[in-house]
Amino acid sequence: MAEHETLSRTTGATVLTLVVVACAAGLADALRRRVRLCRRARHHAGAEPVPAPVHTHHGSPTIPRQRATGPSAETVRLTEAERDAFAVLVRRLSEGD
């Protein structure tokens with residue numbers, strides 16, 4: 001029984017350590033990208049190169065910005081026969097056939 005408990009604890013500790021290391025690596029990468037983006041923006045703005053602050057109020061550079069509007073609406077022109085066939089299909093589906 002002691003071997004099973006020791007194996008479980010070791011496995012649990014190993015998995016937890018790997019998760020913490022992966023999270024720390026992801027956070028370090030995100031912060032490194034943010035600093036690089038801030039420095040690049042300052043360089044293009046003509047400002048003197050200074051160390052970029054780590055804490056900014058901008059969105060995360062790893063998540064793309066949301067579009068302000070949705071995709072354009074699509075329309076399909078149907079012939080009279082297609083409209084009739086669609087109406088029949090809708091009627092059948094609403095009746096449960």
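A residue counts as buried under 20% relative accessible area, as exposed over 50%, and as partly exposed in between. By that scale, Leu89 is partly exposed, because its relative accessible area is 45%. The structure described here is a predicted model. The protein contains 2 helices and 0 strands, and buried residues account for 5% of its 97 residues.

**Overall surface**

- The accessible surface of the protein amounts to about 9,100 Å². Carbon and sulfur atoms contribute 61% of that surface.

- The 16 residues of H2 should span 22 Å at 1.5 Å a residue. The C-alpha atoms at the ends of H2 are 23 Å apart, which agrees with that expectation.
- Leu89 belongs to a nonpolar patch on the surface, together with Phe86, Val90 and Leu93. The four residues of this patch have about 410 Å² of accessible area together.
- Just after H2 comes Gly96, which takes a positive phi of about 90°.

**Salt bridge in helix H2**

- The structure holds 3 salt bridges, one of which joins Arg83 to Glu80, with the closest N and O atoms 3.4 Å apart.
- Both Arg83 and Glu80 lie in helix H2, where 3 residues, or about one turn of the helix, separate them.
- Glu80 has a relative accessible area of 51% and is therefore exposed, whereas Arg83, at 45%, counts as partly exposed.

- Asp29, Arg32 and Arg33 are linked in a network of salt bridges.
- The side chain of Asp29 meets that of Arg32 in a salt bridge of 3.7 Å, N to O. Asp29 and Arg32 are 3 residues apart in helix H1 (residues 2-44), so about one helical turn separates them.
- The side chain of Asp29 also meets that of Arg33 in a salt bridge, at 3.3 Å, N to O. Asp29 and Arg33 are 4 residues apart in helix H1, about one turn of the helix.
- Asp29 is partly exposed, with a relative accessible area of 26%. Arg33 is partly exposed at 35%, and Arg32 likewise counts as partly exposed, at 46% relative accessibility.

Key: Residues numbered from 1 in each chain as written. Predicted model: local features only at pLDDT ≥ 70, side-chain atom pairs only at ≥ 80, totals over all residues. Heavy atoms only, no water. Patch = residues over 30% accessible without salt bridge, like charges linked within 9 Å, V, L, I, M, F, W, Y side chains within 5 Å. Areas by Shrake-Rupley, 256 points an atom, 1.4 Å probe, with all protein chains shown as cover. Buried < 20%, exposed > 50% of the residue type's maximum accessible area, 1.4 Å probe, protein only. Expected span 1.5 Å × (residues − 1).
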